[in-house]
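Hello,

I'm passing along the structure we talked about, so please open it in your viewer before reading on. My notes on what turned up follow below.

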Amino acid sequence: VAGVPRQPRLPAPAFDITHHTLANGLRVVLAPDRSAPVVGVAVLYDVGIRSEPEGRTGFAHLFEHLMFQGSKTLEKLEHFRYVQSSGGTFNGSTHFDYTNYFEALPANALERGLFLEADRMHSPRITAENLANQLDVVKNEIRVNVLNRPYGGFPWIYLPAVMFDTFANSHNGYGGFEDLESATTEDAKDFFDRYYAPANAVLSIAGDLDVDDAVEMVEKHFGGIKKRRAPKRPSFAEPPLSAERRDTHHDPHAPIPAVAIGYRVPDPVKSLDALLANLLLAEVLTDGDAARLQRRLVQRDHLVTDVAAYIGEFGDPFDERDPTTFTISAHYPDAGALDAILQAIDQELARIADDGLDAGELDRVRTRLVSVLLRDLDAVISRTLELAKFELIHGRAELITELPGRLAAITDADLRSAAAALRPDRRAVLELVAGGAR
Amino acid sequence: MTTEQKNAKHSHVPALTAPRAPKSLRSADAVLDNGLRVVAVRKPGVPIVEMRLRVPFLSAKPNHPARASLLAETIATGAGDLDRIGIAAAVQALGGDLSIGEDADRLIVSGNALSTNLAALLEIVAAIVTAPTYDRDEVATERARLVEKLSIARARPGVIAGEALGHRMWGTHPYAVDLPTPEAVGGVTPAQLRSLHRSSVRPASAVLVLVGELPPTRMIEHARGAFDAWTGSAASTRVPALPTTTGGPLLVVDRPGSVQTSVRFGGPALPRTDPGYPALQLANLIFGGYFSSRWTENIREDKGYTYGPHSRIDHHVLGSVLGLDVEVATEVTAPALLETWYELGKIASLPVTAEEVDSVRQYAIGTLALSTATQAGLASTLAGLAAFDLGLEWIAGHPARLLDTSVEQVSAAAAQFFAPSAFTSVAVGDASLIAGPLAGLGAVES
């Protein structure tokens with residue numbers, strides 16, 4: 001078997017990025033790549049779960065559904081039909097700090113895709129009938145993803161309530177049924193007026209396109225949307241925990257217990273290098289069979305069935321502004337083993353903080369992480385979404401191309417500091433009690 | 001009236017411009033001396049190379065599913081001089097990843113690495129297939145984990161429904177077993193894994209797919225260098241043909257406390273090599289195979305009974321299957337089934353429209369291009385096609401076959417395959433709430 005390369009030279013993604021801003025404030029990012037006749041179109045609005053009003057949990061997501069129900073000039077169902085009969089696919093998703101809408105299309109449907117996004121940015125058709133229909137659809141989405149399955153929504157729905165104190169950070173982002181049922185078309189119109197202004201959005205276009213032609217199409221379709229003031233985004237930051245918090249969550253379907261341990265990490269936008277050190281630490285702990293917690297908890301002590309460490313509620317470290325969470329989660333067969341698991345994790349973190357990493361350990365983990373970043377950018381729609389996300393959350397789409405270089409500069413000492421900060425008195429522990437145990 | 005003509009009522013909606021053809025890809029295809037077929041494609045994109053090694057794994061032996069599952073969990077836990085941690089660390093240092101999967105048809109080793117590291121990745125994979133250890137302690141660890149993973153899988157309603165449908169469609173055929181029982185897994189020994197490996201993990205009839213930004217001939221040379229020492233003729237397997245499914249009453253499986261009912265329908269379909277396949281593919285899309293389908297527009301966008309119904313064609317070595325699945329709220333289970341039978345009866349007995357066929361044709365052509373526009377997507381597609389002796393030429397030629405398919409052919413395929421009586425069906429949910437209303441609509445078994 002070939003030896004381990006000594007000093008991996010890390011490749012970086014290369015994009016030819018152009019920026020353009022419309023008079024109404026819409027920011028546009030374009031990245032041509034003419035290697036295949038496909039194109040991605042994405043619009044990200046700077047509003048997510050954290051901006052939902054009290055008493056309206058789940059509203060950002062319900063509203064995302066309403067954005068597909070017809071628009072300025074299109075009836076219900078027409079958005080889907082226009083995308084799919086062009087040979088394309090579509091979707092949208094609601095995150096803690098933003099909401100996205102996107103299409104992957106054959107290159108010959110680019111202008112159609114831009115038109116479709118502009119039509120709903122201009123005005124969605126919000127009717128009582130569509131709201132009632134999508135309320136039923138969303139309740140069924142929650143049933144299939146949360147209520148009718150083991151470990152549904154664990155831990156992303158439940159851990160924030162232990163980690164955080166403010167409504168914005170701690171509430172159930174999928175929404176309680178009572179809150180969802182009390183939503184009105186007036187709520188939806190207010191939400192649109194407040195948060196869906198062109199100046200509160202980023203449009204990203206990547207793939208088989210000519211930049212000048214694409215900018216002209218963008219001006220033509222989005223230029224006529226009236227300028228509205230973008231809302232001032234409040235800070236959602238909370239002070240770090242000073243004492244351990246514990247709670248339990250009962251899952252009626254789960255056959256064995258699980259645990260999620262959450263730690264606050266530094267502001268992911270202002271302290272990007274600290275975020276990257278934490279990201280590398282998460283990979284050192286659980287990525288692959290050679291990772292520290294796989295060896296200790298799975299292979300040596302046989303305490304857990306699986307273990308994963310990740311940053312961001314949905315596992316994407318670049319998805320959230322402050323605050324964001326470093327999570328370690330595990331499933332384990334013996335309900336009495338939780339303290340032993342926590343103790344083993346503390347010991348492994350202390351070992352890294354005290355002794356640092358083994359020779360070659362940081363390099364191999366870093367090489368793998370860069371490879372994952374690159375691989376995730378191969379699909380045109382992923383590239384489109386990532387450029388938009390880095391522009392919106394981190395202020396610069398170009399940052400993606402700089403990540404391998406920034407990761408290369410992270411040292412053993414940085415990981416030791418990151419590990420040292422994950423102390424028992426700084427963590428929130430959520431234990432899942434298995435109601436479906438045999 | 002075509003979709004374009006219909007859409008002309010919205011003259012402001014931009015028309016599609018002239019389609020651009022994808023660039024043709026350079027590829028090479030070789031059979032090594034040991035019988036291993038290697039398919040290599042140069043695909044521009046990111047500096048990553050994708051690998052899929054597909055080994056036939058079909059067996060009629062009753063003890064096969066448990067052994068095959070545990071083999072997949074343990075095959076990469078030691079090989080040659082490397083222990084489990086050594087393998088994982090070496091792969092990670094290549095910017096790589098390896099994962100092993102298996103089903104009734106095949107064992108598949110999937111991997112990727114930075115393209116500069118392809119030769120080293122293949123050497124590790126070659127060590128795994130030629131000199132696996134099946135260390136006692138590693139097998140014991142993974143056996144216990146697999147039992148827990150199976151209990152977690154079986155707590156999911158979709159898994160329960162899939163198993164119930166499999167048994168009802170295939171009876172005692174190997175295809176009826178998706179997951180082994182914990183008891184069967186508990187008894188598997190390292191010696192049994194080594195024996196299964198020796199008899200079945202062999203190069204003859206196996207296919208290695210490599211996709212990346214590298215010259216195809218160089219990729220083949222790397223494969224030749226790495227897999228030289230892998231030997232063994234193809235395992236002889238005798239597996240009975242798939243039984244003919246006959247429909248029958250809806251089977252209700254009780255899962256007390258379910259807030260939704262998981263409904264699964266299954267019936268026969270055509271393989272990709274059948275001249276009638278493009279018409280069936282299009283009929284399936286119109287029925288429930290994409291968001292703008294009749295089934296989705298009815299029970300989701302009009303009635304809100306579900307988050308999403310899906311119908312699909314799955315291609316297995318012994319036959320293709322038309323499958324429908326949907327999770328509906330418990331209280332609307334009967335009306336959701338009524339609408340499903342209505343849509344099946346309608347598409348089976350009334351012609352589809354030209355507008356519907358135009359839409360799904362463009363969708364099928366466009367999404368084939370999108371799914372094969374990534375290195376990983378192309379590698380997985382080629383590994384799937386290779387089992388049927390199909391390859392890049394099938395992907396390149398399929399748009400023309402879809403364009404050549406008439407509205408009448410699609411209607412005829414729908415009439416043949418979508419009749420409600422053709423399906424075997426199960427519903428997993430809270431029987432105390434759904435059995436009564438369902439029995440009111442038609443024959444039900446529990």
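In chain A of this predicted model, strand β3 (residues 38–45) runs antiparallel to β5(A), and eight bridges join the two. Helices and strands here are DSSP runs numbered from the N terminus, with at least four residues (H or I) for a helix and at least two (E) for a strand. Two strands count as paired if DSSP finds at least two bridges between them. One of the residues involved is Val43(A), whose bridge partner in β5(A) is Tyr101(A).

Both strands belong to an open sheet of six strands with mixed pairing, in the order β1-β2-β6-β3-β5-β4 (chain A). At its edges are β1 (18–21) and β4 of chain A, each of which pairs on one side only. On average, neighbouring strands in this sheet are turned by 15 degrees against each other, direction ignored. Axes are lines fitted to C-alpha atoms (for helices, over the stretch in contact), and angles run from 0 to 180 degrees between N-to-C directions. Helix α1 (residues 59–66) of chain A lies across β4 and β5 of chain A and runs at about 160 degrees to β4(A); contact means heavy atoms within 4.5 Å.

A few notes on conventions. Residues are numbered from 1 along each chain as its sequence is written, while chains are lettered from A and ligands numbered from 1 in the order in which they are written. As the model is predicted, local features need pLDDT of at least 70 and side-chain atom pairs count only at pLDDT 80 or more, whereas totals for chains, interfaces and linings use all residues; side-chain values use heavy atoms, with hydrogens and water left out.

Strand β9 (residues 250–254) of chain B is parallel to strand β14 (residues 444–445) of chain B, with two bridges between them; Leu251(B) stands opposite Glu445(B). With strand β13 (residues 424–429) of chain B, β9(B) pairs in the parallel sense over four bridges. Across that pairing, Val253(B) has Val428(B) as its bridge partner, and Val252(B) stands opposite Ala427(B).

Now to where the chains meet. The contact takes 74 residues from chain A and 80 residues from chain B. About 6700 Å² is buried between them, 58% of it given by carbon and sulfur atoms; buried area is the accessible area (1.4 Å probe) that two parts lose on being put together, summed over both. The rule for salt bridges (a side-chain nitrogen of Lys or Arg within 4 Å of a carboxyl oxygen of Asp or Glu) finds seven across this interface. Among them is Arg20(B) with Asp208(A), whose closest N and O atoms are 2.9 Å apart. On the side of chain A that touches chain B, α4(A) gives the largest share, nine residues.

Over all chains, the salt-bridge count comes to 53. Asp339(A) and Arg246(A) form such a pair through their side chains (3.5 Å, N to O). Asp339(A) lies in helix α12 (residues 338–355) of chain A and Arg246(A) in strand β7 (residues 245–251) of chain A, so this pair ties together parts that are 93 residues apart in sequence.

Lastly, some backbone details in chain A. The peptide bond from Phe154(A) to Pro155(A) is cis, with omega near 0 degrees, and Pro155(A) lies in the loop between α4 and α5 (159–163) of chain A. Tyr151(A) lies in the loop between α4 and α5 of chain A; its phi is near 65 degrees, a positive value in a residue other than glycine. The bond from Asp322(A) to Pro323(A) is cis, with omega near 0 degrees, and Pro323(A) lies in the loop between β9 (306–311) and β10 (325–331) of chain A.

Best wishes
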